[in-house]
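Here is a short briefing to read alongside the model. Please keep the sequence and the 3D view open as you go.

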Amino acid sequence: AAGSRREREERRRREGNGRGGRSSCRPHTIQGFEKPDETLRLALYEGSRRDLWPLFALADDAVSIRDYLDQGVVHVATTGGLVLGHSQVLPVEEAVYELRSLAVIPGRRRRGLGARLVARSASWVREQSGDRLVAASPSAALDLLGFYQRLGFRVFRVDRDAYGPAHERSDRALTNGIRVRDRVWLELEL
């Protein structure tokens with residue numbers, strides 16, 4: 001029996017499979033330990049919009065979301081199967097589309113992802129022969145107004161007193177220490 005054991009060890013060494021021999025193993029991936037695909041993908045979302053509710057909730061209140069959730073088209077940014085953000089575009093009138101909802105998960109903000117989603121939405125609008133993309137923001141959301149203007153949007157209208165009790169919103173809502181009252185409309189000419 002000892003002879004056969006030595007023979008097996010010698011054969012393993014010659015073949016490169018035993019202890020002490022040169023290994024001929026090629027790199028491989030162990031099941032369950034694959035390196036996640038970190039490629040960022042921007043694509044039209046085909047699934048149920050309800051699955052994206054947490055993202056929509058980052059951008060708007062539940063009452064408003066219910067009104068527009070299933071309208072228009074939604075683009076999502078994903079990496080490794082995780083949805084990082086979304087943009088929703090709705091037709092408003094001939095050649096004009098509204099960027100109704102835009103959100104990026106908190107841990108991925110301020111990295112250009114929102115700008116890429118807006119660019120993807122603008123590109124989609126151009127493909128539909130649209131010539132303007134509009135977006136609305138509370139006048140108190142200074143960061144958001146700056147974000148849109150850095151992307152080339154320009155203010156074209158202000159709806160005074162668009163928020164408050166008459167519109168199912170609290171008249172005590174504050175953003176940046178400013179009472180939320182007016183809605184600012186911005187446009188991007190395409």
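Is Arg-157 buried, partly exposed or exposed? Arg-157 counts as partly exposed, because its relative accessibility is 38%; buried means under 20% relative accessible area, exposed over 50%, and partly exposed in between (1.4 Å probe, protein chains only).

A word on the ground rules: this is a predicted model, in which local features need pLDDT of at least 70 and side-chain atom pairs count only at pLDDT 80 or more, while totals for chains, interfaces and linings use all residues. Residues are numbered from 1 along each chain as its sequence is written, and side-chain values use heavy atoms, with hydrogens and water left out.

**Helix α4**
- Helices (H or I, at least four residues) and strands (E, at least two) are DSSP runs, numbered from the N terminus.
- Among the buried residues of α4 are Leu-117, Ala-122, Trp-124 and Val-125.
- Ser-129 follows α4 and has a positive phi, near 70°.

**Nonpolar cores**
- A nonpolar core is a set of buried Ala, Val, Leu, Ile, Met, Phe, Trp, Tyr and Cys residues joined through side-chain atoms within 4.5 Å.
- The largest one has 22 residues, and Val-89, Leu-99, Leu-133, Tyr-148 and Phe-153 have the most contacts inside it.
- Elements giving two or more residues to this core include β3 (82–93), β5 (132–138) and α5 (142–150), while α4 gives the most, with six residues.
- Apart from this core lies another, of ten residues, among them Tyr-45, Leu-69, Val-74 and Val-76.
- Leaving aside neighbours within four places in sequence, Leu-133 is in contact (heavy atoms within 4.5 Å) with residues including Val-89, Leu-99, Ala-122, Val-125 and Phe-153.

**Salt bridges**
- The structure holds eight salt bridges, each a side-chain nitrogen of Lys or Arg within 4 Å of a carboxyl oxygen of Asp or Glu.
- Asp-143 pairs with Arg-110, with the closest N and O atoms 3.7 Å apart; Asp-143 is in helix α5 and Arg-110 in the loop between β4 and α4, 33 residues apart.
- Both Asp-143 and Arg-110 are exposed.
- Asp-159 and Arg-157 meet at 3.1 Å, N to O, and Asp-159 counts as partly exposed at 22% relative accessibility.
- The side chains of Asp-161 and Arg-181 form a salt bridge at 3.9 Å, N to O.
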